[in-house]
Amino acid sequence: MTSPRTHAAAARTPSPEPSRPPGRLDLPVIAKGRKLTGAAREQFAKQVVTAYLTPGRAVTIREICQETTRSYGAIHSILSEAGVTKRGRRTTDLTEQVGP
């Protein structure tokens, strides 16, 4: 029989490499107020475009904003500058909402 302390100690031991929740994007978090220029902006833009165009998953601009802490306008500009065709809004089926 093991003591309760053994289980508690094992539960508090951090894993060597923290795992990211499934579905998260592999994008860097940019410090608020930090301006990206030059090569750093180009690298960030490549990562954002890759995440946005991920096959099989419709990643939204808002999801990218949330993970990178950049504004919607900043991400939208990066995608526009890269020549990415942006998807339309996700709307519900309007035929269900229309009355007789």
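## Conventions

Axes are lines fitted to C-alpha atoms, for helices over the stretch in contact, and angles between N-to-C directions run from 0 to 180 degrees. Helices are DSSP runs of H or I with at least four residues, strands are runs of E with at least two, and both are numbered from the N terminus.

The model is predicted: local features need pLDDT of at least 70, side-chain atom pairs count only at pLDDT 80 or more, and totals for chains, interfaces and linings use all residues. Residues are numbered from 1 along each chain as its sequence is written, and side-chain values use heavy atoms, with hydrogens and water left out.

## Overall fold

The chain has 5 helices and 0 strands. Along the sequence the pattern reads α-α-α-α-α. Of its 100 residues, 21% count as buried (buried is under 20% relative accessible area, exposed over 50%, partly exposed in between; 1.4 Å probe, protein chains only).

Contact means heavy atoms within 4.5 Å. Among contacts with a separation of 6 or more, 65% come from residues 24 or more positions apart.

## Packing of α2 and α4

Helix α2 covers residues 38-52 and helix α4 residues 72-81. Their axes lie 10 Å apart, at an angle of about 90°. The two helices are therefore roughly perpendicular (65 to 115 degrees; under 35 is roughly parallel, over 145 roughly antiparallel, the rest oblique).

From α2, the contact uses R41, F44, A45, V48, V49 and Y52. They meet I75, I78, L79 and E81 of α4. These residues divide into 8 nonpolar, no polar and 2 charged. Here Ala, Val, Leu, Ile, Met, Phe, Trp, Tyr, Cys and Pro count as nonpolar, Asp, Glu, Lys and Arg as charged, and the others, Gly among them, as polar.

The 15 residues of α2 should span 21 Å at 1.5 Å a residue, and the end C-alpha atoms are 21 Å apart, which agrees. The expected span is 1.5 Å times one less than the number of residues.

Buried in α2 are F44, A45, V48, V49, A51 and Y52. Seen down the axis, they fall within an arc of 160°, so they line one face of the helix. That arc is taken from the directions from the helix axis to the C-beta atoms. Their cover includes α3 (61-68) and α4. The face turned away from the buried side carries exposed A39, E42, K46 and T50.

E67 lies in helix α3. At 10% relative accessibility, E67 counts as buried.

T69 sits in the loop between α3 and α4. T69 has a positive phi of about 60°, although it is not a glycine. Its relative accessible area is 31%, so T69 is partly exposed.
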